[in-house]
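Here are some friendly notes for a first look at this structure. Please keep the 3D view open as you read.

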Number of protein chains: 2
Amino acid sequence: MGLSDWRGREIPAPSFDLCDAVKARLDRLTKPPGSLGRLERLAVELAAAVGEERPQVRPAGVLVMAADHGVVRAGVSAYPSEVTAQMVRNFLRGGAAVNVLARLVGAEVWVVDVGVAADLREAEESGAPEGSGAAFRIRKVRPGTADMTAGPAMSREEAEAAIQVGWEAASEMIDAGVRLLVTGEMGIGNTTASAAVAAAFTGLPEADLVGTGSGVDPVRRQKKLQAVRTALEVNRPNPADPVDVLAKVGGLEIAGLAGAVLACASRRIPVLMDGYISTAAALAAVHLDPAAVPYLFASHRSVEPGHDRILRWLGKEPLFDLDLRLGEGTGGVLAIPFVEAAVRILSDMATFEEAGVSDARR
Amino acid sequence: MGLSDWRGREIPAPSFDLCDAVKARLDRLTKPPGSLGRLERLAVELAAAVGEERPQVRPAGVLVMAADHGVVRAGVSAYPSEVTAQMVRNFLRGGAAVNVLARLVGAEVWVVDVGVAADLREAEESGAPEGSGAAFRIRKVRPGTADMTAGPAMSREEAEAAIQVGWEAASEMIDAGVRLLVTGEMGIGNTTASAAVAAAFTGLPEADLVGTGSGVDPVRRQKKLQAVRTALEVNRPNPADPVDVLAKVGGLEIAGLAGAVLACASRRIPVLMDGYISTAAALAAVHLDPAAVPYLFASHRSVEPGHDRILRWLGKEPLFDLDLRLGEGTGGVLAIPFVEAAVRILSDMATFEEAGVSDARR
């Protein structure tokens, strides 16, 4: 069991001392040394993070944190805020992309309402139907943020409470056995908040961090860019104070996922980041505690131009690029087989000696 | 059941008329239109190839064709020829990378000896152990090719016989239910033969097509390059006569996989290509019959520089790049979850109407 509060966390250092042994084993397996490329490097990184020469990453779970954004009033999204709650109900019926992909790869879906601007208690009471594979928790800190272009998105206390919600949700998943956690989200307007968070932490130009989100036209993208600039000017978030950034220009699900990252890192559970929002949350987490960095793994590079920027900032190389821009955790879930492949190679392949194969390179 | 001889094949045209309906369905699913990127394009291509609005790709199988290469005598490989037979035995015991990855993604492994320079009958008689998931067939056309730097690698009749072996192996897999076939191979020296085949068909400079294979040093790579140039000069393969190319500078497993591609295309079964050798075999197949092109799908881009060249020549975009250079079908097997994801999205996701989600884009 983990600690009950994110503020008391202690994130252990990875077991870098295992790397040599893992590399040596990889070179004794029946394949040319290094021929499994990124999978071999991933195996070494996972072993160091988990602290085992043959790490386990099953069961895997995806934590989908959902919340609404007051900035949607500024006309930044192609969809109305109501879609956030509608999609949460879709997750609970198992009909969304993240459900389909999670069933495919055998991952559990956990959905947490940390700030949806609708009452979802009926969905909680009815429970997820059999076979949807989704668990649901309502841990609403507030029903959506305020419009960050007119003032702080939320109070400092609310941001801290949202971090705590994510910490507790991830802790519950880990207590239930999860050994690899994908961070996913749902929140109409949240690429706008992610761009503001990324700009506040990295100092990169806003124009490099604002994309087309769920698919907005150039006029609306310009509105997004203006909203991000206004939010930063109005609120002046302090990058040295990550809670201040999350409170002023963040989102409840972004803060929540930052807390989830901290919980995983504290328990040495690898976190598979999804797209822009999920990675912006990880950026916040490593500002809260840089010791979380080695527990973060990139899955894909999304269409959002800011995603690649912050992945580079974090020093994380994605495993693939499928031009995804959906969120929910979909890209992270798709990467689970690659992560599992890396650890299975380590545990299941025969060595040259075992297989009687000549490794006498000429 | 398919035809019994590759020469009598008829490859149907894909059902391009289904594309509009499939695209329309993808746009009704609960996600922003196009937000699943490459997976959506893949779903459309698979539907057209298979000829179904909701194509099936399970069960999936990997066909590993194994053979030896006389050109190894020219010092082109880091490993001795004996490793080909040793690795076949490793496949049958389930200890190789392709076995581990195939078990992970739930694919069957079929191994065919089309020209290994060793007697593998004891392995055939003992049978694959329970749980290895590998079937084995000995269909040896000849025990390895001749050294192509001194004359043709094999006769025209032998090349045709090897194509037939691959045709029959793939046909047997399809008859057994396989709905997605990964082309894999084992053959020490076969990147050298693949480079010669690729140069003969594409006319690209040999230096762009010769890489480091299983991991040779620059001196040995220079020997490979020289061997490819000598083989092409000595044999003068005719690119307008694909059997001539395969016979003079190809390999038994390369010809076999070309036959497997033709069998799949004839039965509208998608082929997931692996790396350089597998893709060189597909290049031969489309020279034998250009109608096979729409049934080919690229999995990954390997470290071999020639792989990217011939993928571009085929007009096929890989799904990922993990710096793999192992072969056996490993990259193709790793792509199976992506292919399955594409078809599951189409069949399993809820539409906006079904889920009660607003698709009123503003």
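The points below go through the sheet, the core and the aromatic rings.

1. Some ground rules. This is a predicted model, in which local features need pLDDT of at least 70 and side-chain atom pairs count only at pLDDT 80 or more, while totals for chains, interfaces and linings use all residues. Residues are numbered from 1 along each chain as its sequence is written, chains are lettered from A and ligands numbered from 1 in the order in which they are written, and side-chain values use heavy atoms, with hydrogens and water left out.

2. Start with the sheet of chain B. Six strands make an open sheet in the order 3-2-1-4-5-6, with parallel pairing. Strands are DSSP runs of E with at least two residues, helices are runs of H or I with at least four, and both are numbered from the N terminus; two strands pair if DSSP finds at least two bridges between them. Strand 3 (134–138) and strand 6 (296–298) of chain B are at the edges with a single partner strand each, so one side of each has no neighbour in the sheet.

3. Which residue is the bridge partner of Leu181(B) in strand 5 of chain B? It is Val271(B). Three bridges join strand 4 (residues 180–186) and strand 5 (residues 271–273) of chain B, which run parallel.

4. Next, the core. The largest nonpolar core has 294 residues, and Leu63(A) and Leu63(B) have the most contacts inside it. Such a core is a set of buried Ala, Val, Leu, Ile, Met, Phe, Trp, Tyr and Cys residues joined through side-chain atoms within 4.5 Å; buried means under 20% relative accessible area, exposed over 50% and partly exposed in between (1.4 Å probe, protein chains only).

5. Now look at the rings. There are five aromatic pairs over all chains (ring centres of Phe, Tyr or Trp, the latter by its six-membered ring, within 6.5 Å; planes under 30 degrees apart are stacked, over 60 edge-to-face, the rest tilted). Phe338(A) and Phe338(B) form a tilted pair, 5.4 Å centre to centre with 45° between the planes. Each lies in helix 14 (residues 330–348) of its own chain, so the pair joins two chains. Both Phe338(A) and Phe338(B) are buried.

6. Phe338(B) also pairs edge-to-face with Phe320(B), at 5.7 Å centre to centre and 90° between the planes. Phe320(B) is in the loop between helix 13 (305–314) and helix 14 of chain B, 18 residues apart from Phe338(B). Ring pairs link Phe320(A), Phe338(A), Phe320(B) and Phe338(B) into a cluster.
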